[in-house]
Amino acid sequence: MAASGPLVLIVEDEPQMRRFLGTTLRAHGFAVTEAASAREGLVQSAGRNPDLILLDLGLPDGDGLDVTREIRRTARTPIIVLSARGREQDKVAALDLGADDYLTKPFGVSELLARIRVALRHSLPDATADQPVFRTGELRVDLVRREVFRGDERAHLTPTEYKLLTALIRHAGRVVTHRQLLQEVWGANYADQTHYLRVYMAQLRHKLERDPNRPRLLTTEPGVGYRLRDGES
């Protein structure tokens, strides 16, 4: 019996990894289609119209950056990049090109499934609709009244801190690159001013984290950016 869940396209040249991903996803109710090269991945993406793409960066006939760039010309299909360790510059490039998230190999099944759920949720037609209240852990943000609470305590944010927090809320559960955050909060002219982020993220953590030195909510993705955890990420 064919799976009736969301269709996931796996673009991965390593047979063992492709088999692991396919078996795991089918066992959790997803439909799966596979590609072992960049060219085949683009053909499958256009022809099968998958709900989500798992994309390896190192492919035999190209790389995942080219695939991401090509897909983003015509489609907004969620893309989760699969990356080897130590290639932060490739992760950043893929995310800036429009990938939704990345996983560093090796990764666990629970993490893979959580990232997939987050990406699929954000792809729903109403995913960008305004939600009056955002909640995760002890954090509660009333987006209408512009009020922020950590537990029962009101957190008093500056306008820039609040703007940074709401930018992270828009991408909750997903990694957001330094460049993306700088452009959203400060504008295109500040895209390389990473010290702005370090200062304001430290201030947000001081106000929103139980232990700012060991953040559990506003986490750092080393060499890439930041992630606001939303309970699944």
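Trainee: Is Phe-20 buried, exposed or partly exposed, and what is the relative accessibility?

Mentor: Buried means under 20% relative accessible area, exposed over 50%, and partly exposed in between, with a 1.4 Å probe and protein chains only. Phe-20 has 31% relative accessibility, so this residue counts as partly exposed. Phe-107, at 11%, therefore counts as buried. This is a predicted model: local features need pLDDT of at least 70, side-chain atom pairs count only at pLDDT 80 or more, and totals for chains, interfaces and linings use all residues. Residues are numbered from 1 along each chain as its sequence is written, and side-chain values use heavy atoms, leaving out hydrogens and water.

Trainee: How many aromatic pairs does the structure hold?

Mentor: Rings of Phe, Tyr and Trp (its six-membered ring) pair if their centres lie within 6.5 Å; planes under 30 degrees apart are stacked, over 60 edge-to-face, the rest tilted. There are four aromatic pairs here. The rings of Phe-20 and Phe-107 have centres 6.4 Å apart and planes at 45 degrees, so this pair is tilted. The two residues are 87 residues apart in the chain: Phe-20 is in helix H1, and Phe-107 is in the loop between strand S7 and helix H5. Helices (H or I, at least four residues) and strands (E, at least two) are DSSP runs, numbered from the N terminus.

Trainee: Which pair is edge-to-face?

Mentor: Trp-186 and Tyr-196 form such a pair, at 5.5 Å centre to centre with 70 degrees between the planes. Trp-186 lies in the loop between helix H7 and helix H8, while Tyr-196 is in helix H8. Trp-186, at 18% relative accessibility, counts as buried, whereas Tyr-196, at 26%, counts as partly exposed. Ring pairs also join Trp-186, Tyr-190, Tyr-196 and Tyr-200 into a cluster.
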